[in-house]
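Student: I would like to learn how to read sheets, helices and pockets in a protein model. Could we go through one together?

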Amino acid sequence: MAVFVGNEHGFTVYEGREIFQVEAWGPNSARVRSTWGPSISETPGSALGEPAASRPVVEVSEDRARLHNGDLVVEVTANPGGGFLQFPPLVRFSRAADGRELLSEQSPHFTSPPQRRYTQGAGGTYGCEVTFNPSPGERIYGLGQHQHGLFDQKGAIIDLIQRNTEVCIPFALSNLGYGFLWNMPGVGRVELGANRTRWVADAARQLDYWVTTAPTPAEVVSQYSQATGLPPMLPAWASGFWQCKLRYRYQEELLEVAREHKRRGLPLSVIVVDYFHWSRQGEWRFDSTEWPNPQAMVDELREMGVELMVSVWPTVNPNSENHAEMDRRGLLVGNVRGLPLNLPFWDKADDGQVFVRFYDSTNPEARRYVWDKVTQGYRRYGIRAFWLDACEPEMRPEDPESNLYYLGRGNEVQCAYPREHARGFAEGLWADGEKDVMLLCRSAWAGSQRYGAAVWSGDIDSTFEALAAQIPGGLNIGISGIPWWTTDIGGFKGGDPTTPYFRELIVRWFQFGTFCPLFRLHGVREPGPLVGSGQTGAPNEVWSFGDEAYGIISEQLELRERLRPYVMQQMATASATGVPPMRALFLEFPDEAPAWEVADEFMFGPDILVAPVTQYGSRERDVYLPEGASWLDAWTGQPVEGHGWAKAPAPLERIPVYLRRGGALNGLSAGSK
């Protein structure tokens, strides 16, 4: 028989082996934890900070308990199980304002498994799962960034694991008016089926999730961001154009690209040194034969108004000068079985591939060690912009159950790796006096934004299909708490700049990228060596794609430069509220049904509607103009008559862009076609 015990923050239910706890956790929010273990504890790698003060109303009786926190009501009732079987108590979430159900556990058939399940695992962990009822017409957004091309993810099965291009942030936003955080950084999956929603953790000490509600989806996103940590303010240098390729091999080669930008009068804010600039992986310093005077390089770039960003990997070559000490001190990822080798990869001074290891970012001592080396190798020159590549961590084979971290086994904690990696750099930069911190990361987990993590979509293909998939990917990661996001303009791999297809693709991608939170060109272009430390690829500068493309691209650079004050206004909003600059239409127009369906348009801040072109050869496209605003054509400044769906022209030199009438922007069309 269930026993219900209340307190000032919530209540606990004891039923058989299970301990089930509900607590008020921030405005209109509650945290739920349950276990078969001896007690409720803090989840390793939890994304939630300390809850803001609240005054919930808690009611407890013999067979039920109720928590009323702002507009969220959580009710737990004893579950008789239909007869001779005894099931765990059922939980239901509803909105106080109108009593409408938001989310409820699925009551099992008397011969079925319970709605909350625990399977004994290793080291005091359990395989855990919880099953919720389906809701007709429900749509699900967020869940990080994925390449499946889906905007509404209802009906999908999402692996909860970090992979290159697949960013696991287990926060779901429902059109029913709630947000749900699976506050467990282990490996698992979520099944968003028509007959049930099921969250599964392969290994955990307890179930741990958080639910919030608010009148609008933007407020739900804001409450989630505040619960997991608001981002700092974006540094002003990051709001302009970033030049990057895989890769610049020498100091003079990189400097000449920056000088050419200035000779041509092209805006440039950031230029990037990609991988293999180092002596060896795990030494975190420049190879002096190729980068002989980093200080002179940084100084010359700063005089041009250009920031130098350096790629830093979390990998350690067993032949590097730091490996032996890191191994001896337990600063590297360990293992349960087999040899402690994580990734076969190329490196300097090695023939062929070598098995490198990853440092353990969940270990505070390891984070400090790596930052000390980064300080000696890069910070000494004044470098403050870091690219944290391969930080999923990307391992071969993918075997998280075998990996040992400071926080626990990999299948219990590994998804938090990229957040903790960013944490070490952010805390180091803050300690050095840098106020506004931004780190470019290939992966993230819930709460990464509070450490200044910007995410890009990884090593995607150079195709129009990949371009189309980036729009819902960017919208969903913004909903998931990451306001700073970008892509490799042109895609990462498979692009030949001499072909008409790629030249049109790069134009369309630049037109999209101009209105992304971060505006960054990158990729390995063909032909060129594709593997190894000699990898460089074909030219990838804005003048590398033919005269027609260059004319259009240079206009996009100038347009972004004019937009930078507006961009920084949106970054201030993100820092204060968590609402991202790149927004799904429903974040601005939640009462319009099509705004929840349109997957290939977005708002850039409150005043710009962007409709990218994602099909080769297209010179027009359908556009939805929300009824909740009046619109101007951004290129002509003329009012647009009517609302709803319309056919918009899209010649190669421009994509459809509209300004909210009466908004903050004036004169955007000046100088643009």
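Student: In which sense do strand β20 (residues 270–273) and strand β21 (residues 307–312) pair, and over how many bridges?

Tutor: In general, strands of a sheet pair through backbone hydrogen bonds, either parallel or antiparallel. Here β20 and β21 pair in the parallel sense over four bridges, and I271 stands opposite L308 in β21. Two strands count as paired if DSSP finds at least two bridges between them, while strands (E, at least two residues) and helices (H or I, at least four) are DSSP runs, numbered from the N terminus. Please keep in mind that this is a predicted model, in which local features need pLDDT of at least 70 and side-chain atom pairs count only at pLDDT 80 or more, whereas totals for chains, interfaces and linings use all residues. Residues are numbered from 1 along each chain as its sequence is written, and side-chain values use heavy atoms, with hydrogens and water left out.

Student: What is the order of the eight strands in the open sheet with parallel pairing, and which strands stand at its edges?

Tutor: The order is β30-β29-β28-β26-β21-β20-β19-β31, with parallel pairing. At the edges stand β30 (485–486) and β31 (519–521), each with a single partner strand, so one side of each is left without a neighbour in the sheet.

Student: Which strands does α9 lie across?

Tutor: Helix α9 lies across β19 (241–243), β30 and β31, running at about 155° to β31. Such angles run from 0 to 180 degrees between N-to-C directions, and the axes are lines fitted to C-alpha atoms, for helices over the stretch in contact.

Student: At what angle do α9 and helix α10 (residues 547–577) pack?

Tutor: The angle is about 10°, with the axes of α9 and α10 10 Å apart. The two helices are therefore roughly parallel to each other, a label given to angles under 35 degrees, while those over 145 count as roughly antiparallel, 65 to 115 as roughly perpendicular and the rest as oblique. Among the residues making the contact are I506, V507 and F510 of α9 and I552, I553 and L557 of α10, where contact means heavy atoms within 4.5 Å. By class, the contact of α9 with α10 has seven nonpolar, three polar and two charged residues; Ala, Val, Leu, Ile, Met, Phe, Trp, Tyr, Cys and Pro count as nonpolar, Asp, Glu, Lys and Arg as charged, and the others, Gly among them, as polar.

Student: In which sense do strand β33 (residues 602–604) and strand β34 (residues 608–610) pair?

Tutor: They pair in the antiparallel sense over three bridges, and M603 has L609 in β34 as its bridge partner. Helix α10 packs on the sheet, touching β32, β33 and β34, and its direction makes about 95° with that of β33.

Student: How much space lies in the largest pocket?

Tutor: Rolling a probe the size of a water molecule over the atoms shows where empty space is left. The largest pocket holds about 420 Å³ of space. On a 1 Å grid over the protein atoms alone, a pocket is an open set of points where a 1.4 Å probe fits, with protein on both sides within 12 Å along at least five of seven lines, and lining residues have an atom within 4 Å of a point. Of the 26 residues that line this pocket, the closest to its centre are Y275, F345, D459, F492 and Q535. The lining divides into twelve nonpolar, five polar and nine charged residues.

Conventions. Points joined across faces, edges and corners; volume = space filled by probe spheres on them.
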